[in-house]
Protein chains: 2
Amino acid sequence: MTARTHVLAIGNALVDVITTAEPAFLAERGIAKGSMRLIGPDEAETLYAAMGPGREISGGSAANTVAGVAALGGSSAFVGRVANDQLGKVFAHDIRAAGVGFTTAPSANGNPTGRCLIVVTPDGDRTMNTYLGACQELSAADLDAASVAAADILYLEGYLWDPPAPRDAMRKAIAVARANGRKVAFTLSDVFCVEGHRADFRMLLEGHVDLMFGNENEVRSLYQTDDLEAAMAEMARHACIAVITRSEKGAIVLEGGRRHEVPGEAVARVVDTTGAGDMFAGGFMAAMAEGRALPDCARVGCIAAAEVISHYGARPEADLKALVKAKLG
Amino acid sequence: MTARTHVLAIGNALVDVITTAEPAFLAERGIAKGSMRLIGPDEAETLYAAMGPGREISGGSAANTVAGVAALGGSSAFVGRVANDQLGKVFAHDIRAAGVGFTTAPSANGNPTGRCLIVVTPDGDRTMNTYLGACQELSAADLDAASVAAADILYLEGYLWDPPAPRDAMRKAIAVARANGRKVAFTLSDVFCVEGHRADFRMLLEGHVDLMFGNENEVRSLYQTDDLEAAMAEMARHACIAVITRSEKGAIVLEGGRRHEVPGEAVARVVDTTGAGDMFAGGFMAAMAEGRALPDCARVGCIAAAEVISHYGARPEADLKALVKAKLG
């Protein structure tokens, strides 16, 4: 008997390597500040050698999200591939220690565990350079259909739509979830992902997604318009619930013709914005699992996001449950 | 021609794995809060499995110290052994990126890179559980005598006196330094080290050490007395310069019959005391290299220590040079 969970996520299993630098470090290398891009093993070596001292903290977008769900008391599981190496052991330890179920077998050989080389500039902005490594070796064979069927929400990250084998795994998972009457949630992840897979993402939205997360730029890019209102209207035509995150301005939730706007949470000092969107989605879904109303789901998302950007690393450090209780009861 | 450096340190090459927990986590396992203890590979596995999510940040006592020297503009080098694995690459990257020369070859096989499992309690106190791994494989053959001869100060950590091969390497280094008219500095490291090697440490102090660092408990333990004044007087009879650190109360410097007391630096919030003593020693020696007077050397040590305890991890994050300039000019 597979235990019921609130959220099962499929995503990249990454360890973040976080350093700080001035924007010139990025400009000199032609790296767009604030972006996410994929890099190969050689560039990963070269860039790492040029980077300052680092902190290694487990990351991965959807993995961060389910760590957030768990921190808020929801039950969650993660599917993603690490290698059988030290960073893989770090990832597996950290996600299990966060209270997330994680049983995907590590790859026995092949690429090392994936990592994300993150440069944080003094404004708190993060620029991510991702070497996927073993992440790409996830395949449909790694999916346990019973676990997918036992999760209220299947959560998928757009980042993982890029490599073909994991994409097949996500397609299979969507079919299992829908066949079992479960909800499917999807995050657009990054403008880079939307640009690379616009047709797929639109098709997903039109036929298969109950809950869609994206920030303003991603939503505009999805519908190739500068008009955010027009893009949101189009998104709302398809997703049961569309959630548009707006950084410090909070979020907009669109559902069945209703529109809820919630303000952002004040943050004393933005240290590192890595994981803000991930933690928003985690907070939102954990609040849904508690049966909160949609505006409060967005508020919980904003509270969780505010916590994670107040320190280095994309996993929560403070007691999120207590933070939410203090603000929303 | 070997370049002259201010400080060459020999120490454990460790990556810290930092987690937070309530004191009960330690009490339940019979681990003395605030201590350092050595653990084997099996206990390292068991304890890690029980620990919460971690942050991996390069550490190692003497390595932290020379990272502090470099952050303050001094030239420094480190000798210590990692394995040829991912954590070893992390350690090597981080210390070089900090501006410290590091050329010790990684061990080709044998134990993995050493790590220190650190539990930080809500009061900021750190409890360290060290698996030495490859650190123990350092031997006298790894020492480059020319590099030792080219360093103004040879800095040794008491922690590394425990395993026999590195101890031999340190003894050889002391002989080289003294034959070349260089200074030898030594840190008592921990009461556990003093208790295990009291006779050796006293002998070192009586014959070979120019600059001795220790905290109040270590100095008392060295002379097996509860009377700090008596212990300090005994220490001052031997070391050219004896420096006693006193946490938030600052430090006492004894030199040729003179006694200088400097106050501690105020810290808004003590997050993680790991590395406080290491960074004090780094600040002290960097200030010596600049020709500052001894009381100011201790002040610089306190400023550097205050920075490192205000965040997780034992390596400096803020601009130490700017902090010192703002306070001392």
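Modeller: Here it is. In the interface, 19 residues of chain B are in contact with 19 residues of chain A. Two residues are in contact if their C-beta atoms, placed from the backbone, lie within 7 Å.

Colleague: What kind of model is it, and how are things numbered?

Modeller: It is a predicted model: local features need pLDDT of at least 70, side-chain atom pairs count only at pLDDT 80 or more, and totals for chains, interfaces and linings use all residues. Residues are numbered from 1 along each chain as its sequence is written, while chains are lettered from A and ligands numbered from 1 in the order in which they are written.

Colleague: In which sense does β4 of chain A pair with β4(B)?

Modeller: Antiparallel, over three bridges. Two strands pair if DSSP finds at least two bridges between them. A:Glu56 has B:Glu56 as its bridge partner in β4(B).

Colleague: What rotation superposes chain B on chain A?

Modeller: A rotation of 180°, with 0.0 Å of shift along its axis (RMSD 0.0 Å). The two copies are thus related as by a two-fold rotation axis. In chain B, the C-alpha nearest that axis belongs to B:Glu56, 2.4 Å from it. The same surface serves both copies, as 100% of the contact residues of chain B recur in chain A. Copies are superposed by least squares on the C-alpha atoms of residues with pLDDT of at least 70 in both.

Colleague: New topic: sheets. What is the strand order in chain A?

Modeller: The order is β6-β5-β1-β9-β10-β11-β12-β13-β14, an open sheet of nine strands with mixed pairing. Its edge strands are β6 (101–102) and β14 (258–262) of chain A, and each pairs on one side only.

Colleague: Pick a pair inside it. How do β11 and β12 of chain A pair?

Modeller: β11 (residues 211–215) and β12 (residues 241–245) of chain A are parallel, over five bridges. There, A:Met212 stands opposite A:Ala242 in β12(A).

Colleague: Which strands does helix α3 of chain A lie across?

Modeller: α3 (residues 61–71) lies across β1 (5–10), β5 (76–79), β9 (151–157) and β10 (183–187) of chain A. It runs at about 165° to β1(A). Axes are lines fitted to C-alpha atoms, for helices over the stretch in contact, and angles run from 0 to 180 degrees between N-to-C directions. Helix α6 (residues 164–179) of chain A packs on the sheet too, touching β1, β9 and β10 of chain A. Its direction makes about 155° with that of β9(A).

Colleague: And helix on helix? At what angle do α3(A) and α11(A) cross?

Modeller: At roughly 40°, and their axes come within 7 Å. α3(A) and α11(A) are therefore oblique to each other. Angles under 35 degrees count as roughly parallel, over 145 as roughly antiparallel, 65 to 115 as roughly perpendicular and the rest as oblique. The crossing of α3(A) past α11(A) is right-handed. A crossing is left-handed if the near helix is turned anticlockwise from the far one by less than a right angle, and right-handed if clockwise.

Colleague: Which residues make that contact?

Modeller: Among them are A:Ser61, A:Asn64 and A:Val66 of α3(A), and A:Asp278, A:Met279 and A:Met285 of α11(A). By class, the contact has seven nonpolar, six polar and one charged residues.

Colleague: What about α11 and α12 of chain A? How far apart are their axes?

Modeller: The axes of α11 (residues 276–289) and α12 (residues 294–308) of chain A are 7 Å apart, at an angle of about 140°. That pair is therefore oblique as well. α11(A) passes α12(A) in a right-handed crossing. Residues that meet there include A:Phe280 and A:Phe284 in α11(A), and A:Val300 and A:Ile303 in α12(A). The contact has 16 nonpolar, three polar and one charged residues.

Note on methods
Helices (H or I, at least four residues) and strands (E, at least two) are DSSP runs, numbered from the N terminus. Ala, Val, Leu, Ile, Met, Phe, Trp, Tyr, Cys and Pro count as nonpolar, Asp, Glu, Lys and Arg as charged, and the others, Gly among them, as polar.
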